[in-house]
Amino acid sequence: MPWFLLAALLAPPGSAAPVSASQPPLRVDPARSHLGFEVRTRVGHRLGGEFPRYEGLVERLADGRHRVRLRVATAEAVIPGRPRYTAWMRGEHFFDPLRYPWMEFVSEPYDPAVLAAGGPLRGHLTLRAHTHAEVLEVAPAACARPGRDCPVSVRGDIDRGRYGMADWRMVLSDRVRFVMQVWLREEAP
């Protein structure tokens, strides 16, 4: 079963909306997009990481709104140039990809004008078998067709303790920031 159909079955109640049959979904373009994260140490150092493997889909709903479904492979997360931190982050006390290989964000339906004007993007994040409502912030676009002529810039902070990543509190901040530059491409009908 394709992941996005499975995600639709697992989506929170009330989030279902008919998908437009006339407009195919948009895909996140992995060749041009960048998904990253930041964690700060208690002494103020920033550890920047990347998610090199992910799948993203923007559904065009029948009522004109859109919904994002993004799945990220936690086993491939990396902190460039820091193999020790990368190994720790891939361990059981952080992403624990052996038990939880994917993290997923499913947005609530939103007006596509948010991509141009900026604003909140509400949804549910599932990480380490915990699902919580989260809000990402979309920055105002620098072009008329965000995602196609310029990237969509998105940021959002989560409390890692809510997702079962409470270890290392003496060393790391509780906040994890997700930072994304997203390019979209049309799917063939």
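Arg99 is exposed, with a relative accessible area of 56%. Its salt-bridge partner is Asp96, and Asp96 is buried at 7%. The model is predicted, and a search of the whole structure finds 14 salt bridges in it. Three of these pairs are described below, grouped by residue. Side chains of opposite charge can pair when their charged atoms come close.

**Arg99 and Asp96**

- The side chains of Arg99 and Asp96 form a salt bridge with an N to O distance of 3.1 Å.
- Asp96 counts as buried because its relative accessible area of 7% is under 20%.
- Arg99 counts as exposed because its 56% is over 50%.

**A network around Glu59**

- Glu59, Arg67 and Arg69 belong to one network, joined by salt bridges that share partners.
- Within this group, the side chains of Arg69 and Glu59 meet at 3.1 Å, N to O.
- The Arg69 and Glu59 pair links distant parts of the chain, as the two residues are ten residues apart.
- Arg69 lies in strand E5 (residues 66-73), and Glu59 lies in strand E4 (residues 54-60).
- Arg69 is buried, with a relative accessible area of 2%.
- Glu59 is also buried, at 9% relative accessibility.

**Arg46 and Glu38**

- A salt bridge joins the side chains of Arg46 and Glu38, with 3.6 Å from N to O.
- Arg46 is partly exposed, and its relative accessible area is 47%.
- Glu38 has 18% relative accessibility and counts as buried, because the limit for that class is under 20%.

Terms used. Residues numbered from 1 in each chain as written. Predicted model: local features only at pLDDT ≥ 70, side-chain atom pairs only at ≥ 80, totals over all residues. Heavy atoms only, no water. Salt bridge = Lys/Arg side-chain N within 4 Å of Asp/Glu carboxyl O. Buried < 20%, exposed > 50% of the residue type's maximum accessible area, 1.4 Å probe, protein only. Helix = DSSP H or I, 4+ residues; strand = E, 2+ residues; numbered from the N terminus.
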